[in-house]
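This briefing is meant to be read beside the sequence and the structure. Topics follow one another from a single residue to the chains and their interface.

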Amino acid sequence: MNYVVDHADKLTKVKLKSELRRHKIKFPSGDVKKKVLVNLYREFLNPDVLSDQDLLGITIETEEKFQKELKKSVDSNNNNSNRLKAESNTMPTTHDVSQLSNRELAEQLRVHGIVTGPIVVSTRKIYEKKLIQCLTGHEVKSPHKPVNDDEDEEDVAPSPAYLERTEARRRAHVRGGTPERNIESTPLSDSYRRSPISRREPIRNTSTPVKSSFTKESNTSTTSAKTGGIPLWIKLASVAVLVVIAYLVVKNMESQEDNNVPRGIEAEV
Amino acid sequence: MSSTSQKHKNFVAEPMGEKPVTELSGIGETYGKKLAAEGFDKAYTVLGQFLLLKKEEEMFKCWLKDTCGANSKQQNDCYTCLKEWCDSFL
């Protein structure tokens with residue numbers, strides 16, 4: 001019941017004057033200080049004097065006034081929490097969402113059950129769009145029209161890295177052993193010159209992979225053709241490269257005149 | 001896998017290093033230019049954006065669509081490519 005009296009100061013001078021006039025309460029004419037009017041209002045317009053209609057009208061008006069003033073203070077002071085209160089009754093627009101700070105945007109998204117990553121310059125737009133989508137239920141259209149890009153993915157040749165990976169995988173799969181031994185067979189050709197012990201090892205290792213690779217490559221080339229994997233010419237090219245490398249290694253080793261040591265190698269394998 | 005293109009296989013076979021954005025599966029010259037105009041000229045910048053969006057499919061595809069106008073197939077190719085790369089190297 002004290003609501004009206006307590007919120008008398010929320011009313012405008014004009015309103016206060018009109019109320020006082022309506023209830024035939026005298027107040028100073030001319031430029032009157034609001035405080036004076038408020039005091040008069042409080043003094044004379046108590047709940048006993050005012051009818052229910054009056055009370056209702058005044059409470060609605062004060063509430064509206066309160067809302068307006070709240071929005072005004074929000075715009076001028078940029079008070080974020082008040083803005084959210086004031087806007088809770090209205091549908092958020094694109095403009096409103098863009099006014100939110102990064103933290104608030106994240107908070108709003110979290111309320112809707114969306115876990116967000118960091119909201120930075122590059123991600124903000126997407127999260128704003130997401131929030132609008134959640135709130136309005138409509139999808140926001142993107143500025144670009146989808147274009148069929150000239151992808152020409154069919155013409156892309158396999159990269160050396162990809163070839164290396166697939167070769168290693170295939171060898172490991174077929175041999176059932178460690179792929180490192182085969183790959184290391186060629187670099188070992190340099191190292192064995194320095195250390196006399198390791199000379200015995202690579203000789204056997206290089207000879208067998210060459211033979212095995214021939215058979216395995218021929219087997220796998222047919223299988224890949226069936227499954228539609230690497231083109232045949234690529235496979236043949238890789239085989240040729242491997243053969244050349246193996247030949248060079250063997251040739252280097254033969255030039256050392258130190259290849260008649262089968263004992264150590266047989267024990268090794 | 002026959003469902004992924006050779007471009008995809010090439011990209012996920014090794015660390016991306018300084019590869020341009022056009023090396024990404026689903027990104028050709030047209031989209032590459034648009035992305036580069038927005039500052040995403042290298043594949044690693046797009047990776048950065050992918051990671052910022054917490055590797056979420058929907059968000060990344062939405063971003064890609066907004067940034068360069070990629071269609072749904074290209075969006076999917078690019079997302080799958082990056083996801084697989086991350087699974088191997090990240």
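In which helix of chain A is the place of Lys13(A)? Lys13(A) is found in helix H2 of chain A, which covers residues 13-22; helices, here and below, are DSSP runs of H or I with at least four residues, strands are runs of E with at least two, and both are numbered from the N terminus. This is a predicted model, in which local features need pLDDT of at least 70 and side-chain atom pairs count only at pLDDT 80 or more, while totals for chains, interfaces and linings use all residues. Residues are numbered from 1 along each chain as its sequence is written, chains are lettered from A and ligands numbered from 1 in the order in which they are written, and side-chain values use heavy atoms, with hydrogens and water left out.

**Chain A and Lys13(A)**

- Chain A has 14 helices and zero strands, and buried residues make up 30% of its 269 residues, where buried means under 20% relative accessible area, exposed means over 50%, and partly exposed lies in between (1.4 Å probe, protein chains only).
- Among contacts in chain A between residues at least 6 apart in sequence, 53% join residues at least 24 apart, a contact being heavy atoms within 4.5 Å.
- Lys13(A) is partly exposed, with a relative accessible area of 28%, and, leaving aside neighbours within four places in sequence, Lys13(A) is in contact with Asp31(A), Val32(A), Lys34(A) and Leu37(A).
- Lys13(A) and Lys33(A) are 20 residues apart in sequence, and their C-alpha atoms are 8.3 Å apart in space.

**The interface between chain A and chain B**

- In the model, 30 residues of chain A are in contact with 34 residues of chain B.
- The two chains bury about 2,800 Å² between them, 52% of it on carbon and sulfur atoms; buried area is the accessible area (1.4 Å probe) that two parts lose on being put together, summed over both.
- Two salt bridges are counted between chain A and chain B, each defined by a side-chain nitrogen of Lys or Arg within 4 Å of a carboxyl oxygen of Asp or Glu.
- Glu58(B) forms a salt bridge with Lys130(A), with the closest N and O atoms 2.5 Å apart.
- On the side of chain A that touches chain B, helix H8 (121-136) and helix H9 (160-175) of chain A each supply at least two residues, and H8(A) gives the most, with six residues.

**Aromatic pairs and Phe60(B)**

- Over all chains, a search of the whole structure finds five aromatic pairs, meaning rings of Phe, Tyr and Trp (its six-membered ring) whose centres lie within 6.5 Å, with planes under 30 degrees apart counted as stacked, over 60 as edge-to-face and the rest as tilted.
- The rings of Phe50(B) and Phe60(B) have centres 5.1 Å apart and planes at 85°, so the pair is edge-to-face.
- Because Phe50(B) lies in helix H3 (residues 43-52) of chain B and Phe60(B) in helix H4 (residues 57-68) of chain B, this pair ties together parts that are ten residues apart in sequence.
- Phe50(B) is buried, with a relative accessible area of 0%, and Phe60(B) is buried, with a relative accessible area of 0%.
- Ring pairs link Phe40(B), Phe50(B), Phe60(B), Trp63(B) and Tyr79(B) into a cluster.
- Not counting residues up to four places away in sequence, Phe60(B) touches residues including Val46(B), Leu53(B), Cys78(B) and Leu82(B).
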